[in-house]
Amino acid sequence: MSTAREQPIFSTRAHVFQIDPATKRNWIPAGKHALTVSYFYDATRNVYRIISIGGAKAIINSTVTPNMTFTKTSQKFGQWADSRANTVYGLGFASEQHLTQFAEKFQEVKEAARLAREKSQDGGELTSPALGLASHQVPPSPLVSANGPGEEKLFRSQSADAPGPTERERLKKMLSEGSVGEVQWEAEFFALQDSNNKLAGALREANAAAAQWRQQLEAQRAEAERLRQRVAELEAQAAAETAPVVEKEVPSQSLEQLEALVQTKDQEIQTLKNQTGGPRETSDATEREETQQKVQDLETRNAELEHQLRATERSLEEARAERERARAEVGRAAQLLDVRLFELSELREGLARLAEAAP
């Protein structure tokens, strides 16, 4: 098909449906997304067609005849019967305005087709005033095909005769069999399908986030339990070390006694030194050596006790510091656990709201 022979005079986007040939009641969607639906005029044959291409095939290839009727079945859905294709087409639009524009254009094209048939029967010129009107309303532009020039053969008109009375009656009966509720539901099908897809994606993301939060919560609970056990161990250790802390007073008392004893011995040594001004006898020297040895022993013992005391104090301080660190870790873990529980509660509320909003 060349652009000189057949030109688009009006285009819009809609979800395309066809009547189920088995039941003659239900609609079958042509695809998941809206398609471009266009009115074409063939100047050579003076015919009008409604064409919609989906993928590599023509979803709609309907020649408009004067006896066709476009029916609005809801605010966003309309349909017409094509006896040549032996089917009924349905279009679901995004708004009522788009449906009204398509219906008005259908009426114009139908009237132009009627005039063209009358003139052709009278032997007049094969021109149509409806084409001129459409050209003023919609500036002519070449139809861009998503699949290249290989689809031109899909736009060729099919030879067709006017349907007989029996065929028209059958089509009218087929249209009357569909209930209004089913047609309205089909009109909103594409909007509900998009909404359901978005909601399903949101639910999948929420479920994944909830699973991740549950894993983090379990990890936090395990960490909190570990910290509690650590605190219990440290408290038990601190309780076990209280005995050396209590016994610290005994070394202190022993230290004071030793210091008093050392002072007494020092005084005795000084007294002996004062008393022995001349030559010392062997017994005095022996006694002095013994006294000095006792003093040294006492000093050594005192040093050992002081060392034990300092070691006990360091151990006690370390135990206290460790216990304080453990308590701080438990406090931080408890705070983090509260935050995770609050976030999980908000996530559950969000999931509940999404579930309530789902149709």
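**Close-up views of the predicted model**

**View 1. Arg-228 counts as partly exposed, because its relative accessibility is 47%, where partly exposed lies between buried (under 20% relative accessible area) and exposed (over 50%), as found with a 1.4 Å probe and protein chains only.** The structure is a predicted model, in which local features need pLDDT of at least 70 and side-chain atom pairs count only at pLDDT 80 or more, whereas totals for chains, interfaces and linings use all residues. Residues are numbered from 1 along each chain as its sequence is written, and side-chain values use heavy atoms, with hydrogens and water left out. Arg-228 forms a salt bridge with Glu-225, with 3.7 Å between the closest N and O atoms; the term denotes a side-chain nitrogen of Lys or Arg within 4 Å of a carboxyl oxygen of Asp or Glu. About one helical turn separates the two residues, because they stand 3 residues apart in helix H5 (residues 189–246). Glu-225 is itself partly exposed, at a relative accessible area of 39%. A network of salt bridges with shared partners joins Arg-230, Glu-233, Glu-322 and Arg-325.

**View 2. Helix H1 (residues 96–122) contains Lys-105 and Glu-108, whose side chains meet in a salt bridge.** The N to O distance in this pair is 3.1 Å, and the partners, being 3 residues apart in the helix, are separated by about one helical turn. Lys-105 counts as buried, with a relative accessibility of 4%, whereas Glu-108 counts as partly exposed at 22%.

**View 3. Arg-114 and Glu-118 also lie in helix H1, and a salt bridge links them.** Their closest N and O atoms are 2.6 Å apart, and a separation of 4 residues places them about one helical turn from each other. Both partners have intermediate accessibility: Arg-114 is partly exposed at 29%, and Glu-118 is partly exposed at 35%. Over the structure, the count comes to 13 salt bridges.

**View 4. Strand E3 (residues 35–42) is largely enclosed by the rest of the structure, because 7 of its 8 residues are buried.** Strand E3 pairs with strand E1 (residues 6–19) through 8 bridges, the two running antiparallel, and strands are said to pair if DSSP finds at least two bridges between them. Within this pairing, Ser-11 has Ser-38 of E3 as its bridge partner.

**View 5. Strands E3 and E4 form a hairpin with 4 residues between them.** The two strands run antiparallel and are joined by 6 bridges, E4 covering residues 47–54. Val-37 stands opposite Ser-52 of E4, and in the turn Asn-46 adopts a positive phi of about 60°.

**View 6. The whole chain, shown for context, holds 7 helices and 8 strands.** These elements are DSSP runs numbered from the N terminus, helices (H or I) having at least four residues and strands (E) at least two. Of the 359 residues in the chain, 31% are buried. Contacts are defined by heavy atoms within 4.5 Å, and among those between residues at least 6 apart in sequence, 66% join residues at least 24 apart. The accessible surface of the chain comes to about 22,200 Å², with 51% belonging to carbon and sulfur atoms; accessible areas come from the Shrake-Rupley method with a 1.4 Å probe, and for residues only the protein chains shown count as cover.
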